[in-house]
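The following note sets out points for a colleague who is examining this model.

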Amino acid sequence: MKKVIGYAAFALTLGLFVPAQAADKPAPNLAVKADAKDLILKGDAKCTGCHDEADEPTGAGTMLELNPGVLAIGKTKHGVKADKRTPTCTDCHGDSEKHRMHKGSEKPPAVDRSFRKNSVTPADARNGACMTCHKGGNRLQWAGSQHESGEVACNSCHQVHSKKDKVRDTATQREVCFTCHKQQRAESMRTSTHPIKAGGVACSNCHNPHGSTGPKLLVKNTANETCWTCHTEKRGPFLWEHPPATDDCMNCHSPHGSNQVSLLKSRPPYLCASCHIAGGHSTTGIRSGNDLGAGVVPGAAASAAPQMVGKSCLNCHTQVHGSNHPAGARFAR
Amino acid sequence: MENTVENRFSRTLLAASIAAIGLSAPTATWADEAADEIRRLTRPESEIELGVGDVSGSSFKFGDYTGLNKSGAYGIANISVVRRNDDDARFLEIVGRNLGLDSRSLRIEGGEQGNYSMRLGYSELPKLHSDTYQSPYGGMGTSRLTAPAGWAGTIDITPGGAINPPIGTTVVTTAMMTQLAANMKPFEVKTQRKDLALGLTKLLPAGWDVDVSYKHSKKDGTKLLGAPLQIGAGGSRGTLLVPDPIDYTTEDFGLTARYVGEKLQMQVGYSASLFKNSAQPLVFDNLFYNAVSTVGGNMLTGRLGQMPDNQFHQVSAAAGYTLSTDTRLSGSVAFGRMTQNESFLPYSTANAMPATNSLNGKVDTTHYDIKLNSRLTRTIKLTAGYRYDDRDNRTPVNTYTYNTADVTTAPGASNTRFNTPLSKTKEVLFGDLDFHLSKATTLKLGYDYDSVKHTYEPTAGDKEHSYKAEVKHQFTAMAAGGIGYTHSKRDAANYDGGGALTATYTAAYLAGLCVIPNTFIYNGIVTACTAAASATGATTPWLDTPSLRKFFLTDRKRDKLHAFANISPADNLDLQFGASYYNEKYPEAELGYGLKQATGTTLNFDANWKATDAVTGTFFLSLDDFKTDQNAHNGSTNNIERQNNAAAFQAARGGVVSITDRSWAMGLGFRVKPGGKYEWGADLTHASSMGATRFNNLGTAIAGTVFPVSDTNTRRSRLDLFGKYEVKKDVAINLNYAFEKYTSADWAWDGQTWTSSTSLIGSGIINPRYSVHMIGASVAYKFQ
């Protein structure tokens, strides 16, 4: 009996040991398996034969491990096999025969079209793959646009093998844009801003990074038309127009953020005094501490001047974007 | 013997069976796990997160745009559902964020990929203006603001004494409002925007698709406006900030048909935007009321106009054609029309109407552009194009004789004005050449030509030439940098500083501003002055300082320099450096008045460090310094002295206002993701600003009256800590903590009381300052 138990114990141990061996990763042989099946896309077996679930990033840093992994493409629109337009791996990465047919354990040659961080594939070659399908629509003006001529690749901003493409989500889009646009990041941290950090407005609400017919990649033909998509009450036309507002909202406003109230580039009264120093009280173009009142500045005028404190000129001249009131010639109605 | 063989066979058989079980059972489990793993990695996943958070303090500034302005608990509710069928292309996506807050958003999209999709989006956005504002009015939040009961009787206009001259000429001041402080009431000034958007896209055969969209935007609440009244002779006005009701609705419609072919892509579309303002004009009682005033001030109410309803319709078409693998041509056209024909209000609360009932406002917009992009050789690429934008304002010009700020006395000659429907045409010609000097070096040379034409402006237009050059170089696989320079020069056509404003008045009024026997040109006609001859009287009617130059119209020289460097000293460390500088000069304003120089410097530094596979850190620092100098004056009442500033800065009454705007921002963060059940991290951010206003080169006549102002500043610091723990495979607990502190100082509000100004009733607004703690705990459930 003891011997039976001994044999059984040995056999069980053997049985346990063999699957454990099977669960250990084999020594890397980077040749694709002959019997590999498509995992996600039609014809992807020639790639997923190697780039399978064992490849997904775990933090263990194995040789085959890619970061990011590739299989997450299945979670996205690019992974929908039933859509006849969906490309397979080689449609984007090229046929890559040398990479696919590589045998042995040393690192294989790169794919024909690599989208990795330090890729040597030129930006326009990478973009050509994407533009095979994604031309027209928002990308109609891509050729010759600021990003295209700056050799920005589609994958500089977009993540295709990721369940979530950060730049296409209003909550995370700004992080992608701020990777390059540091000045705008700094401005978005100022005291007066659009709701960029709160996720209420994304960069793409005003800009089309793929190219546009307007200046500075704006979504509309002019700056004012872009602003008026949300600020429709300022469109007019008005009976009494305020020339700097009608000309260009950017004459007075800094849309990415400002240290002045209402996203202004400079503060009243000085902003206003840069154009108005003519009649009445505007002949006093150098408002100073004297206008804050003796209660705040010793020796100053007895009364604080409404042209200086509070909203300054806008304490009276409120309709600075234009007025439709017959008595609004001076924007006080 | 037989027994021994049988026993031995039995033992062998038993051992083999047990081994077979040991071989087969784990193998079958491993295959299921592998299939599950592949499904988990390749199928879309969804997540629902529910929890509760708490904010320790109330502050509009803290809660601006987020809705976290009230202390206390709030619901955490986020949802992300992504479903894609295995067998067909049907899909459904639902993303809901901040569903427990006034900044909630929900987006739903579904359909059949490659065939059609429908989308619905809903979002809310709170804009919190002030939680410290006060006024004595009743009815705040409505279109009728009423003075406290018996208010007029509490205004002390008793003649004589310390504050009051004789009855009849008294201009009521805030000091005379004996019950002002007692009647101050707080009111939260805020607006809420709610948007609902619907859309449908349908793919059609042969490369076509069509998209239809509709958006309904509603914004209501209040925002602060000044409510001035004429309360005495000349420029005597009393005013205060009041909550103006906002009730805006905008409806946007869009219809686009698109074609995508191998070489040709194009689209045609129509869009309409309809704005409607349902708020009634704001009527407010006169808090500076003086029943016996003979020079204004005895009107009972004032009335502010609202933003008028308007519409914008536009048709557009765009196309791009790939002439060859190296050359592409693209362009677009768009024609639009803005209209506005809201009925006018009367000139004043006395209800006299203008001759015309409404504006009949009409602006036609035209845009077209064309662009060529071509690879001329293997190493040279050209982009060249032309853009045309025209705003043709066809609004009729009429005469309006108005009461200033609801004054009851009859309008004077200076109150008859013509409206000026502004038109503008802008043409831009541009060309860029990109050279690949080597595999590592690119050079860009560019030229832009802008031409602008205006109507009703001091200048008929301007032309600007810009030249740019930029070099980028890849030093090694780990280091790259670049530098760029742009020079622009804008020249305005003949600039007549006083002309534009003068043309809005009548010839008769202008003639009365200058003395016999002088003449002036009015609309091309020689017109005689009519004021009595005088040695110090004006020889020409002037209304704008002739030597004033408006910065957006006048001559300008601009230089911009920028540089960057990206270095990866190690595989796990990326460093980015950036700097820029610009200098703008306005030569004619340097001689006369207006903005004469603006400079700006920015510096940026970023570091991204992957310490281990589990630990990453980031750091950034930004420094900005902007400065403007403008020539200004505290003018005199001497007409000759003022009008003779035709070409020069008047030193005795002049000075330079220099404004510095300096900010710095930094961020430090790290993430720990060891790959197990938990991850955590922290972010620390800080942003500061300083605004300094200085007065230099003050003239002898004014130096004694110009006092310094203190610097303004803002400081915001925030610490975020977060952690995530995976209780089970699909269930995680999220914990968040944030602390944010904000301080600010601004001389426009600091130290101002209800009566600091005799003619501006104080609002009680305090510069924002808060320290807020926020904690949140939620459970997130993932499913496929």
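1. A residue is called buried here when its relative accessible area is under 20%, with a 1.4 Å probe and protein chains only. The model under review is predicted. By that cut-off, A:K182 and B:D606 are both buried. These two residues form a salt bridge in which the closest N and O atoms lie 3.3 Å apart. The pair crosses between chains, with A:K182 in helix 9 (residues 182–188) of chain A and B:D606 in strand 30 (residues 594–610) of chain B.

2. A further buried pair consists of B:D624 and A:R190. Their side chains meet in a salt bridge at 2.5 Å, N to O. This pair also runs between chains: B:D624 belongs to strand 31 (residues 615–633) of chain B, while A:R190 sits in the loop between helix 9 and helix 10 (223–227) of chain A.

3. Within chain B, the salt bridge of B:D434 with B:K444 has its closest N and O atoms 3.2 Å apart. Because B:D434 lies in strand 22 (residues 424–436) of chain B and B:K444 in strand 23 (residues 441–454) of chain B, the pair ties together parts that are ten residues apart in sequence. Both B:D434 and B:K444 are buried. Elsewhere, A:K75, A:K163, B:E45 and B:K782 are joined into one network by salt bridges that share partners.

4. How many salt bridges does the structure hold over all chains? The total is 57. Between chain B and chain A the count is 13. One salt bridge joins A:D169 to B:R97, with 2.6 Å between the closest N and O atoms. In general, side chains of opposite charge can pair when their charged atoms come close.

5. The polar contacts across the interface of chain B and chain A amount to 61 residue pairs, with both residues at pLDDT 80 or more. On the side of chain B that touches chain A, helix 1 (residues 2–42) of chain B provides the largest share, 14 residues. By class, that side of chain B has 74 nonpolar, 63 polar and 52 charged residues.

6. As to the extent of the interface, 189 residues of chain B are in contact with 135 residues of chain A. The two chains bury about 12500 Å² between them, and 56% of this is on carbon and sulfur atoms. Of the area that chain B buries against chain A, B:Q113, B:F707 and B:W747 supply 5%, more than any other three residues.

7. In helix 5 (residues 123–131) of chain A, the buried residues are A:A123, A:R126, A:N127, A:A129 and A:M131. Which elements cover the buried residues of helix 5 of chain A? The covering parts include helix 3 (89–93) and helix 7 (154–157) of chain A.

8. Chain B contains an open sheet of three strands in the order 7-14-15, with mixed pairing. Strand 7 (144–145) and strand 15 (301–304) of chain B stand at the edges with a single partner strand each, so one side of each has no neighbour in the sheet. Strand 7 of chain B pairs with strand 14 (residues 282–285) of chain B in the parallel sense, over two bridges. B:R144 has B:V283, in strand 14 of chain B, as its bridge partner.

Definitions and conventions. Residues numbered from 1 in each chain as written. Chains lettered and ligands numbered in written order. Predicted model: local features only at pLDDT ≥ 70, side-chain atom pairs only at ≥ 80, totals over all residues. Heavy atoms only, no water. Contact = heavy atoms within 4.5 Å. Buried area = accessible area lost by both parts, 1.4 Å probe. Salt bridge = Lys/Arg side-chain N within 4 Å of Asp/Glu carboxyl O. Polar contact = N/O pair within 3.5 Å; in protein donor to acceptor, adjacent residues only side chain to side chain. Helix = DSSP H or I, 4+ residues; strand = E, 2+ residues; numbered from the N terminus. Nonpolar A, V, L, I, M, F, W, Y, C, P; charged D, E, K, R; others polar. Buried < 20%, exposed > 50% of the residue type's maximum accessible area, 1.4 Å probe, protein only. Pairing = 2+ DSSP bridges.
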